[in-house]
Amino acid sequence: KNNNMEDLEAQLQAADAARELLEKARVPRDGIVVVGCSTSEVVGGIIGKVSTVTHYTAIETRETGATFAARMKEQALRAGVEIVYANVTGVTLRLHPYKDRPGLCGSADDIETARAVAAGMGIPHVVLDLCDLFRERVMDRFVWAYTHGRTPNPCIDCNREIKFGALLDWALDQGADAMATGHYARVRLDTPSGRWQLLRGADRRKDQTYFLYQLTQHQLAHLLLPVGDYEKPALRALAAANGLSNAQKADSQDICFVPDGDYVSFLRQYGGVEPVPGDFLDSEGRVLGRHRGMECYTIGQRKGLGVSANAPLYVLGKDPDRNAVILGEDNRLYTRELTAERVNWLSVPEPDRPLSVTAKTRYSQREAAATVEPLPGGRIRMVFTEPQRAVTPGQAVVFYDGDLVLGGGTICP
C-alpha cells in the first residue's frame, strides 16, 4: 500500500509492482501477498478489487531472516509499495553441546546475537533444541563413515535431516507456509513439469548447491532462498545499512562440531574410536611403513605420512579389511570413472538413458564434463571426459546442467 497515492491508476500500478516483486521472491501463490495480515483491509479496499489477498507466514532461520526482511523492504520501497510484516519468527538451532565456544555455530554467543537481531526487527525468536537428533543423524554417521574408510560430508546430512527436515517439519506444525534460510542458491517452479528446481546462487564463489542436492520436492516447495540473487558484499552492506549487529560477522568455515579441525580427537572423545596402527602398502601390496590408524588419513593426503621414498607419496585409498592405507605417486590419484549411491534426482526425474552433465566431487572444485548413467538400486556410474584427482569415497558428486542442479550421490569405495 502507499497512502500517498490518491488515484486508482497509481494504486493499480503499485499492486502490479508488488506482484512482480513477490514473484521474484518465489512465492508460489496467485495475487498480492500480505505477510501475516488477518484482513485485506490493511492494504485498503482497492486491493480487494485488484487481486486475491493471500495470507502468508514465513519462518526464517538465524540472521538470515533479518537480511531477507531488509532486502524485501528495500525492493518494495523502490517499487513504491509498502509490505507489512508480521507472524515472522526467527529460529536458531541448538545442535551440539559446545555452547561455551565463542563464535561457533549454535554457541551461547551465537544464539544471543540471533536473539538481538530478532529483537531489533521486532519479531519473536525461538531456540529449537535438536541436539539428540543431530547426534543420531549427523555426528554418529560421521563416526561410522570414518571407521569404514570413508571421508564424510556432515553438512549434507545436516541439511537433509535437520535444517530442511526436522526444522521444516516443526515450522509447518507451527502453521508456517515456508522457511527462509541464507543458503546461496535459488529455487524456482518449472511450470510445464510442475517440478521444483534448485539452481546455483548468483555468487559463484559462495554457491552452496553442492550441500543441498539431497533435498526433496516437498522441501523445495516450502523453501525461500532470498540471498541467492545477491553477492555477499552487497548483502553485508544491506545488513549494515539496516543496523544489523551481525552485518560483518565472519563466515563459518569449519564443521560445527569439530571447530578446531581435529576430527581424530573428536572420533576419540565422542565416538570412542581408538585408531589402530597398521601398514602402509603400495599398489602391489608391499609394506612401506606403519600408519597411526586408518582414520587419521584421507585420499590425496601427502603431509604427515612419515614414509621415505624416491618420489613424493600420497594416500591413494584405504582397505578396512586389512587395516591398510595405500600409498602411491601423484599420477595414481587420477581416475575418470566413479560409482555413487544414495542418489537423489532433484530438479529432474531420474532419466532412462545416460546424460551429458558437468559434475564435481568436492565443494571447492570446478565442475568437469562427464556422462552420468543411472544404475539399479539408486546408484549411478559417472565417466568424466578428463581424469579427476583424489575422488574420495564418502564425499558427494553433484551434477549440473548449466545452473540447474540435476542431482547427486555419495561416492562409493
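Modeller: Begin with surface: accessible areas come from the Shrake-Rupley method with a 1.4 Å probe. This is a predicted model. The protein exposes about 19,700 Å², and carbon and sulfur atoms supply 47% of that area.

Colleague: How many helices and strands does the protein have?

Modeller: The secondary structure comes to nine helices and 19 strands. Of the 413 residues in the protein, buried ones make up 50%. A residue is called buried when its relative accessible area is under 20%. As for contacts between residues at least 6 apart in sequence, 63% join residues at least 24 apart.

Colleague: Which residues of α5 are buried?

Modeller: The general idea first. An α-helix has 3.6 residues a turn, so residues three or four places apart point the same way. In α5 the buried residues are Cys 131, Phe 134, Val 138, Met 139, Phe 142, Val 143, Ala 145 and Tyr 146. Look at the numbering of Cys 131, Phe 134 and Val 138 with that idea in mind.

Colleague: Which residues other than glycine have a positive phi?

Modeller: Two cases are Arg 342 and Ala 390. Arg 342 has a positive phi of about 50°. It lies in strand β14 and is partly exposed, with a relative accessible area of 42%. For Ala 390, phi is near 55°. Ala 390 sits in the loop between β17 (379-389) and β18, and it is buried, at 5% relative accessible area.

Colleague: Next, charges. How many salt bridges are there in the whole structure?

Modeller: Side chains of opposite charge can pair when their charged atoms come close. A search of the whole structure finds 26 salt bridges. In one of them, Arg 150 pairs with Glu 341, and the closest N and O atoms are 2.9 Å apart. Arg 150 lies in the loop between α5 and α6 and Glu 341 in strand β14 (residues 334-345), so the pair ties together parts that are 191 residues apart in sequence. Arg 150 is buried, with a relative accessible area of 16%.

Colleague: Where do Arg 204 and Asp 403 lie?

Modeller: Their side chains meet in a salt bridge, 2.6 Å from N to O. Arg 204 is in the loop between β8 (195-200) and α7 (217-221), and Asp 403 is in the loop between β18 (396-401) and β19 (404-411), so this pair ties together parts that are 199 residues apart in sequence. Arg 204 counts as exposed at 51% relative accessibility, while Asp 403 is partly exposed at 28%.

Colleague: Which residues are linked in a network of salt bridges?

Modeller: The network links Glu 136, Arg 137, Arg 141, Asp 157, Arg 160, Glu 161 and Arg 342.

Colleague: One last residue. Is Ile 123 buried or exposed?

Modeller: Ile 123 counts as buried, at 19% relative accessibility. It lies in the loop between α4 (108-121) and β5. Leaving out residues up to four places away in sequence, Ile 123 touches Val 88, Thr 89, Gly 90 and Ala 118. Ile 123 and Asn 87 are 36 residues apart in sequence, and their C-alpha atoms are 7.8 Å apart in space.

Key:
Residues are numbered from 1 along each chain as its sequence is written. This is a predicted model: local features need pLDDT of at least 70, side-chain atom pairs count only at pLDDT 80 or more; totals for chains, interfaces and linings use all residues. Side-chain values use heavy atoms; hydrogens and water are left out. Buried means under 20% relative accessible area, exposed over 50%, partly exposed in between (1.4 Å probe, protein chains only). Helices (H or I, at least four residues) and strands (E, at least two) are DSSP runs, numbered from the N terminus. A salt bridge is a side-chain nitrogen of Lys or Arg within 4 Å of a carboxyl oxygen of Asp or Glu. Contact means heavy atoms within 4.5 Å.
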